[in-house]
Structure formats: C-alpha cells, structure tokens
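Please read them with the model open beside you.

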Amino acid sequence: MDIADQNFVKKINQKLLLKEILHHAPISRAKLSERTGLNKSTVSSQVSSLMKEHLVYEIGQGESSGGRRPVLLMFNKRAGYSIGIDVGVDYVNGILTDLEGSILHDQQLKLSSNAPDVTTRRLIELIEQLISQIPSSPYGLVGIGLCIPGLVDTKERIVFTPHSKWKNIDLKTTLQDTFHVPVFIENEANAGAYGEKIFGTAKHYDHLIYASIGTGIGIGIIINHHLYRGTYGFSGEMGHMTIDFNGPTCSCGNRGCWELYASEKALFQSLQTDDQPVSYQDIEQLAKLNDMKTLNALRNFGFYLGVGLTNVLHTFNPQAIILRNKIIESQPTVLSVIQDEVSSRMDDQFSSHVELLPSSLGHNAPALGMTSLVTEAFLHDVTLSQ
C-alpha cells in the first residue's frame, strides 16, 4: 500500500473513531477497538491524533471489568463554536452553539425592511454580536450557517424568495469575505428538517417530512437519514401545489396554491379587521374564550392543512410529518383537525402508519439544523486535513 493510500485509510479510521466517541462517550480505547473492529494500536495512534487536534480528551478512569481500570475519552464540544441564522420575512433569529449543538446564546431581531441590503446589514450586526459571546477555544468560530424561506441552488445562491422578493443574491460570498469562515446557505424548511432529525422528535425516523407553516409553506424531506434537495436544490416547494385550480393568483405566478389557504398568513388574514391586525396572543385568548369566529378560523386552518398534507403523504409515504407552527404547537385542537382530515381522506394502510407531530424545537429548529451542518463540515475538514 503506497503512502497516499495509507493516509486515506488513517483518515477514514479517524473519522470512524471520532463518530463513535461523539455518540458513545464516555468510552475507552478498548471499547472503541471492540465497536469499530480496529486493532488496539490503530485506535491508540488515531486517538492520540484526535487529542493533539483538541477534539478528544481524557476524563479519568472508568470501572474495571477485571483488569486495569480503563481511561475514558470524551468529545471536546467546546473546541469550537458555530452560528446558525434563520432569516424570515420580517425577523432574523440567530443562535450560537458548541460542537454538540447546545445553545449558548440566542437572539432575535425584527426587520423593518426585508430588502437585501437592509437585511444583510442587520445580519452582519447580529453575527458580530454572537461572535462577541464566543468563549476562548482552540478553533473559535468554525462556520456560519444561514437559511432563508425560498429557493437556494446547489451553489448556495439565493435564487428567489417569494415573500421578500430576493432574486439571485450571493449572500454566501458576502458573509465569507466579511467573517473569513466557511458559510453555508440552505432553504429554511430543509434546515428545519435537519434540525429535527439531529436534535428533535425525528431522531428515530429514517424517512420524514418537516412542514414549515408561516407566511408561506415549505417542506423539508429526509429520505434514508439524508436531506433530499432535488436536482437543482429546489425540492420541497409544496406550498405552491394547486389545491384549487380556479383559486386566486399566488405571488409565485400559480393559481390556487396550498399556502393561500393553509399558511399562517392566510389564517391571520381571515381574522383581521379593518382597524386592528391579529396577533398570536389575540388568537390564543379568543380561543380560550370560545370565540366562534376564531374557532372556525382555526378549524379551517387545520382543514386546509390536512388537505395538502394528504397529498404530501401520498407522494412520499414518510414515517412522520413534523409540523412547525406556533399556533399548532399551542393549540392541540388544530392538530386534531389535521389528523381527522388526513384520516378521512386516506386509506387506513396509509394514515395508520404515519405520525403527525408538532415540532419539539420550535422556532430554533432551522437555526439548529444550520449549526449542525456547519459542525459536520468542520469535523469532516479537520480530520481530512491531518
């Protein structure tokens, strides 16, 4: 075996060992050898390399099983930090996490304008504030992940955002030139799906759908544990599937789109009066008071979500659908209406084998998904560079 092949094998072994330490720490070298099938000298050598890179450290001795007490290893989650940003239509949500995804600091800003230049300035301000919170560490900031509710191509350019009207924006280059770290751009629903898969209620599912229900509707698709992005990165725009071919024109140019009936925006518009916009708090209070207009609007919201989700279920046949929406998370009756509507429209063989669940991560799901993608890229690069 030549030197290049030997180095490649070493890197593969090191990644395998780091993965085992990540998921099964505290763990001994002997246990790593047993779990991976690598001989003890290889384990010892590669663990030493990981310790030199500040990715692994020893925490002392474990219980003996008959011989010497083993020295236990841990992943150094404070070796570096990542920033995740969720850019909405009228807000920016940012989090700072360690390498295991624990949130150290989070901050949300309202946007007075969603114009690209205004949003970019606010983004840079927010990132600078988060960077100022980073403790001393071997690697510092390892990357920035950012997601938007719109089309992101395979080169991570923002092609189009239907509600803020961004077109062909290269935000990745702008942020990389400003902060000199790797930057990753993703669709918001994809990021949310990944966040729920890594940290949330979707951990144990191989195939799932994440439905982000806000101003519009987007879905993130996980197939065999992996994000499905489509040929050009545009998968999941199911908010723009037609559910009424004679319906009104959507901002995307289509007619009768699902999100015109089942988005949060549609719900708020159905309850809004001329003199006063409706808030989350208004809906919660009126629902508690059994206000009939509010209860009917919530039922319609659940009904139209159920109609569209039936199509999603027939198309992808997932194990679970995770629903990210503040109202669904706070109003269990809406989820019940969705479940009833889906059941009434599908054969039991379909509906009885899928779970419809509210998001467990709430508004942080997309930002957490982005920090996870950043961390994975960092760990991949740092092991390959040795």
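How many bridges join strand E15 to E16, and do they run parallel or antiparallel? Four bridges join strand E15 (residues 320–324) to E16, and the two run parallel.

1. On provenance, this is a predicted model, in which local features need pLDDT of at least 70 and side-chain atom pairs count only at pLDDT 80 or more, while totals for chains, interfaces and linings use all residues. Residues are numbered from 1 along each chain as its sequence is written, and side-chain values use heavy atoms, with hydrogens and water left out.

2. The strands E15 and E16 belong to an open sheet of five strands with mixed pairing, in the order E14-E13-E12-E15-E16. Its edge strands are E14 (226–227) and E16 (355–358), each of which pairs on one side only. Strands here are DSSP runs of E with at least two residues, and helices are runs of H or I with at least four, numbered from the N terminus; two strands pair if DSSP finds at least two bridges between them.

3. Helix H12 (residues 332–345) lies across E15 and E16, and its direction is at about 160 degrees to E16. Contact means heavy atoms within 4.5 Å, and the axes are lines fitted to C-alpha atoms, for helices over the stretch in contact, with angles running from 0 to 180 degrees between N-to-C directions.

4. Seven bridges pair strand E4 (residues 80–87) with strand E7 (residues 140–148) in the parallel sense, and serine 82 has glycine 143 in E7 as its bridge partner.

5. Some backbone geometry deserves a careful look. A cis peptide bond, with omega about -5 degrees, joins alanine 25 and proline 26, and proline 26 lies in the loop between H1 and strand E1 (27–28). Glutamate 156, a residue other than glycine, has a positive phi near 65 degrees; it is found in the loop between strands E8 (151–152) and E9 (158–160). Histidine 225, also not a glycine, has a positive phi of about 75 degrees, and lies in the loop between strand E13 (217–223) and E14.

6. Are glutamate 156 and histidine 225 buried or partly exposed? Glutamate 156 counts as buried because its relative accessibility is 19%, whereas histidine 225 is partly exposed, with a relative accessible area of 40%. Buried means under 20% relative accessible area, exposed means over 50%, and partly exposed lies in between, with a 1.4 Å probe and protein chains only.

7. Asparagine 296 is placed in helix H10 (residues 292–316) and is partly exposed, with a relative accessible area of 35%. Asparagine 296 and leucine 271 are 25 residues apart in sequence and 9.9 Å apart in space, C-alpha to C-alpha.
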